[in-house]
Amino acid sequence: MEQNQAPRSVSSHIALFGRRNAGKSSLINALTGQNLAIVSDQLGTTTDPVYKSIELFPLGPCVLIDTAGLDDTGTLGELRREKSLEVLSRTDIAVYVADAQTGLDQNEEEFIQHLRQRELPVVLVWNKSDLACLPAPKGAIAVSAQTGQGLEQLVSVLSNAKPQQKAPGLLDGLVSPGDIVLLVTPIDSSAPKGRLILPQQQVLRALLELGAPALVVQPEEIPAALAALAAPPALVITDSQAFARVAELLPSSMPLTSFSILFARAKGDLSELAAGARAIASLKDGDRILIAEACTHHRQEDDIGKVKIPRWLLQKTGKELHFDFTSGLGYTKQLSDYALVVHCGACMINRAEMLNRIEQARVANVPIVNYGVLIAYVTGILDRVLEPIPETQQKEAIHA
Ligand code: SF4
């Protein structure tokens, strides 16, 4: 990632779909002004989805996703089509690129209908409109990636689109300008060398934007930090793995939550994840648990997903549980085999994809929790860390 680039996980994902040779890659090149996607007249040049970051105002940071043609053929073509369709799970805005010379066939009409049924904003682009072409259907934008015709209108439509899954702000309803916030970030053996992890950086950035001063400490520095402040902090946000230690060091009336609770809220459905945590109490001998991570990463000896979560669940329940693991963008299709899904913090995927994963678990009738919410549950402080979050209080009151 370039240093000044927003992380992909917080960018709106704009996916371009269409038949082979409809000009998706040329359109991305024209929009970004760079020859990043390989373009040729040969059918099926794009194989795996290609991602390119772009900033659109007022929409903000976006990634344009170039997908393989939906009419790709043969066994490899089928695999590429599947990969293109997988992109849908993380799409915030769909662009359907049609070749204005041939128009839309029935499969394309059906696919566009499918996009609309998913309640995604869909932009129909009538590409190659500089060539002898069919008239653009109502609502389509006539564009030529070659001459630049219509690009300005397309950029304007995309910039003002309302992504279905626009994430709420990390601190919405929790912190006001001028509030002092204490951030607890242990620098232990699991902390990366020389930097803060992404969720910590993003919370710091959000506080700076809001004008709420932050005091950043390690757990053992909490007493000194509290003593130095004229008034108690409006909120304490801690790394989940230090929950228990931090909770002990703070007065019980002081609002406490964690980076992972904030991200679970911004990324997914916190109430659903909290319900997933409470389902741990009903686990039985022989139950299978799926531990799902959204990216592959270097595992440490006492890895949270592979080692700590299974250990905590075994200790907490005293049951004989079986664990399976998955990582990367693929998400198992056999969710109904499991009594519980435990998902990672999802820092590398966007809200649309995390909500999609939660929805798949809901459809399979399997409770789902994430690491941060699970840690709060097993350390016995789930109620406390949810307390500052207004909407979970409302929902839980309704469910009570
Ligand atoms: S929280 Fe999930 S997405 Fe983020 S680094 Fe860990 S495994 Fe990857």
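## Lys-128 and the basis of the model

Lys-128 is placed in the loop that leads from strand 5 to strand 6 (141–142). Strands (E, at least two residues) and helices (H or I, at least four residues) are DSSP runs, numbered from the N terminus. Although Lys-128 is not a glycine, its phi is positive, at about 65°. Lys-128 counts as buried because its relative accessibility is 17%; buried means under 20% relative accessible area, exposed over 50%, and partly exposed in between (1.4 Å probe, protein chains only).

This is a predicted model, in which local features need pLDDT of at least 70 and side-chain atom pairs count only at pLDDT 80 or more, while totals for chains, interfaces and linings use all residues. Residues are numbered from 1 along each chain as its sequence is written, and side-chain values use heavy atoms, with hydrogens and water left out.

## The chain as a whole

The chain has 400 residues, of which 50% are buried. Its secondary structure comprises 14 helices and 14 strands. Contact means heavy atoms within 4.5 Å. Of the contacts between residues at least 6 apart in sequence, 73% link residues at least 24 apart.

Strand 4 (residues 93–99) is largely enclosed by the rest of the structure, because seven of its seven residues are buried. Ile-93, Val-95, Val-97 and Asp-99 lie on one side, with Ala-94, Tyr-96 and Ala-98 on the other, so both faces are covered. In a regular strand, side chains alternate between the two faces of the sheet. Strand 1 (residues 12–18) runs parallel to strand 4 and is joined to it by five bridges; two strands pair if DSSP finds at least two bridges between them. Within this pairing, Ile-14 is opposite Ile-93.

Strand 4 also pairs with strand 5 in the parallel sense, over six bridges. Tyr-96 faces Leu-124 of strand 5, and Asp-99 has Asn-127 as its bridge partner there. Strand 5 is itself mostly covered, with six of its six residues buried. Val-122, Leu-124 and Trp-126 point one way, and Val-123, Val-125 and Asn-127 point the other way.

## Trp-126

Trp-126 belongs to strand 5 (residues 122–127) and is buried, with 4% relative accessibility. Beyond its neighbours within four places in sequence, its contacts include Ala-98, Leu-104, Pro-135 and Val-143.

An open sheet of four strands has the order 8-7-9-10, with parallel pairing. Strand 8 (214–217) and strand 10 (256–258) stand at its edges with a single partner strand each, so one side of each has no neighbour in the sheet. On average, neighbouring strands are turned by 25° against each other, direction ignored. Strand 7 (residues 181–184) pairs with strand 9 (residues 235–238) over four parallel bridges, and Val-184 has Thr-238 of strand 9 as its bridge partner.

Helix 5 (residues 198–210) packs on this sheet, touching strand 7, strand 8 and strand 9, and its direction makes about 170° with that of strand 7. Helix 8 (residues 259–267) also packs on the sheet; it touches strand 7, strand 9 and strand 10, and its direction makes about 70° with that of strand 10. Axes are lines fitted to C-alpha atoms, for helices over the stretch in contact, and angles run from 0 to 180 degrees between N-to-C directions.

## Asp-287

Asp-287 lies in the loop between helix 9 (270–278) and strand 11 (288–293). Asp-287 is buried, with a relative accessible area of 12%. A polar atom of its side chain is 2.7 Å from the backbone nitrogen of Lys-284. Leaving aside neighbours within four places in sequence, Asp-287 is in contact with Glu-320, Leu-321, His-322 and Ala-339.

## Backbone features in loops

Most residues other than glycine have a negative phi, and most peptide bonds are trans. Asn-21, which is not a glycine, has a positive phi of about 65°. Asn-21 is located in the loop between strand 1 and helix 1 (24–32) and is partly exposed, with a relative accessible area of 30%. Phe-57 and Pro-58 are joined by a cis peptide bond with omega of about 5°. Pro-58 is in the loop between strand 2 (50–56) and strand 3 (60–66).

Methods. A polar contact is a pair of N or O atoms within 3.5 Å; within protein, one must be able to donate a hydrogen and the other to accept it, and residues adjacent in sequence count only if both atoms are side-chain atoms.
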